[in-house]
Amino acid sequence: MSVLVYTESLKGKFKKNAFEVASYAHKVAQDLGTSVTAVTFNANDDASLGNYGVSKVLKIANDKLETFNAKAYADALAQAAQAEGAKVIILSSSADSKFLAPILTTKLNAGYVPNVVAAPDSTSPFVVKRTAFSNKGFAHTEISADIKVIGLSSNAFGVVENGGSAAVDSFSPSLSDGDFAVKSVEVDRVVGKATIADADIVVSGGRGLKGPENWGMIEELADVLGAATACSKPVSDLGWRPHGEHVGQTGKPVASNLYIAIGISGAIQHLAGVSASKTKVVINNDPEAPFFKAADYGIVGDAFEVVPKLIEKLKEFKAQNA
Amino acid sequence: MKILVCISNVPDTTSKINFTEGDTKFDTNGVQFVINPNDEFGLTRAMWFKEKQGAAVHVVTVGGAQTEPTIRKALAIGADEAIRVNAEPTDGFFVAKQLAEVVKNGGYDLVIAGRESIDYNGGMVPGMLATLLDMNFVNTCIGLEIDGNNATAMREIDGGKEKISTTLPLVIGGQKGLVQESDLRIPNMRGIMMARQKALNVVEPVDAPQPTQDQKFEKPAPKGAVKLVDADNVGELVNLLHNEAKVI
């Protein structure tokens, strides 16, 4: 009857979202009067999940699952859910979680709600709050199916440490050849750089920067802050930056702690996509730019003068606070 | 090759979102509806398969009669036939069940859907459809080539991309990258005239459960005023971000 949580890892190391979904699962388990069981795939430090409220880990160690495979992972999670009699399954909002969630849900005849931003409104009936209309609204959605699958928005609940400990059991799901009919040939992942999906800070540039040759200062600012770089839709359409950096309604959503928009006017689609970020800063030479209405802090000024000064001040700040 | 493109009828990206009937329904008053952007990238890729590889392209939507202008637009862009399942799409699993019926009856090799609709953002229909029919599935698809029965796809992952090899029958959840923004087509007069002659078959829904129900909607809390910092005093911004917002 436990709450099951899929804790994602990369090359053995837990992703940040693993600790957040575990913390959320712990809250749901408390509401339901039960405990949390995590499923891990080829992870190194399984017992560390205890600190985030996990009581039991079903550890899967299988070379065939070294690279993420949605169908095989969904199959393994479904078997774990059945073994545990789990009625609630918690996933993240990563590309991998969103890939496997509908497969898992259909296998289990469950009900799935993604983009959940808070602990359940109630557990009987089971109602959760989620974003809708690309962050222009929220919905309170009831899951009436017996088994509930929840996709938690990143940075929505936070990481909660409680100093608990977890028992680790090995778990060997039985996988079929059909689980591997979609094969990964090659993974091209940027290493050593924060990604938009899990960065605490995102620095984003728009058409106000005039051309791709001017992105050096955006990258330097991101570097100083340990931030991911992003861009507006016109910038990606013009080919100044790769599509993977496009944030907004039709690009990637951003839910960082700090979002810095430079030379971005703030079209409604862009604002919707970044609205889940907690603190927003805009730097733009046009005081009428719509982004000023959506931002917490703003500087009206020429980005080519303001950004280098900001980099310098941040370096001083880092040196003092190192 | 027979391709089915799944189209969702959604508010234009510039729409202001309001709710009505005690915040239980989306207010469609004054809202312009369009082909869901993620679906339009897929439709445009399907046109490429039609023109270069002789594929037949059908489009389908689950919705009431009010969605017909949107599906006619897909015909005007170049799809050969359209199907409308006459039901309100209020739950992702319900929609997947309707589409599964259409795919079964039509014998499609490739189903192209959008990664998610920009209204309810469920992102679940393509994966559920593939699982219901035991078809292969690639989500967040940003590139697709078909050679005979073999498919090579690119998938966007967090922080990069992944090359995938699989076979038909296949369902994809597509997005920008399948084609570029500049490849999107605006229907011309000839296309619009021809679309009037093309079949738009209305079918009644099959019974299916609705495991989720939206109970109530709300809008985000209004935002407080922006705090402006002078361009000559950038250090103050660093100070505010550290001491007030506590984000650095």
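Modeller: This is a predicted model.

Biologist: Which residues make the contact of α8(A) and α6(B)?

Modeller: From α8(A) come Val306(A), Lys309(A), Leu310(A), Lys313(A), Leu314(A) and Phe317(A). From α6(B) come Val234(B), Gly235(B), Leu237(B), Val238(B) and His242(B). The residues of this contact comprise seven nonpolar, two polar and two charged.

Biologist: How many residues does each chain give to the contact between chain A and chain B?

Modeller: The size of an interface is often given as the accessible area lost when the parts come together. Here we have residue counts: 73 residues from chain A and 61 residues from chain B. On the side of chain B that touches chain A, β11(B) gives the largest share, eight residues. That side divides into 26 nonpolar, 21 polar and 14 charged residues.

Biologist: How should I read the strands?

Modeller: Strands of a sheet pair through backbone hydrogen bonds, either parallel or antiparallel. Strand β18 (residues 297–300) of chain A and β15(B) run parallel, joined by two bridges. In β15(B), Lys227(B) stands opposite Tyr297(A). By contrast, β10(B) and β11(B) run antiparallel, with eight bridges. Thr166(B) in β11(B) is the bridge partner of Ala151(B).

Biologist: What is the strand order in the open sheet of ten strands?

Modeller: The order is β13(A)-β11(B)-β10(B)-β9(B)-β12(B)-β8(B)-β1(B)-β6(B)-β7(B)-β13(B), and the pairing is mixed. At the edges stand β13 (183–189) of chain A and β13 (200–203) of chain B, each with a single partner strand, so one side of each has no neighbour in the sheet. From one strand to the next, the twist averages 25°. Helix α3 (residues 92–106) of chain B lies across β1, β6, β7 and β8 of chain B, at about 150° to β6(B).

Biologist: Is Leu104(A) buried or exposed?

Modeller: A residue is buried if 20 or more other C-beta atoms lie within 10 Å of its own. Leu104(A) has 27, so Leu104(A) is buried. Leu104(A) is found in helix α3 (residues 95–107) of chain A. Leaving aside neighbours within four places in sequence, Leu104(A) is in contact with Ala74(A), Leu77(A), Ala78(A) and Val149(A).

Conventions
Residues numbered from 1 in each chain as written. Chains lettered and ligands numbered in written order. Predicted model: local features only at pLDDT ≥ 70, side-chain atom pairs only at ≥ 80, totals over all residues. Contact = placed C-beta atoms within 7 Å. Helix = DSSP H or I, 4+ residues; strand = E, 2+ residues; numbered from the N terminus. Nonpolar A, V, L, I, M, F, W, Y, C, P; charged D, E, K, R; others polar. Pairing = 2+ DSSP bridges. Buried ≥ 20, exposed ≤ 12 C-beta atoms within 10 Å, placed from the backbone. Axes fitted to C-alpha atoms, helices over the stretch in contact; angles between N-to-C directions.
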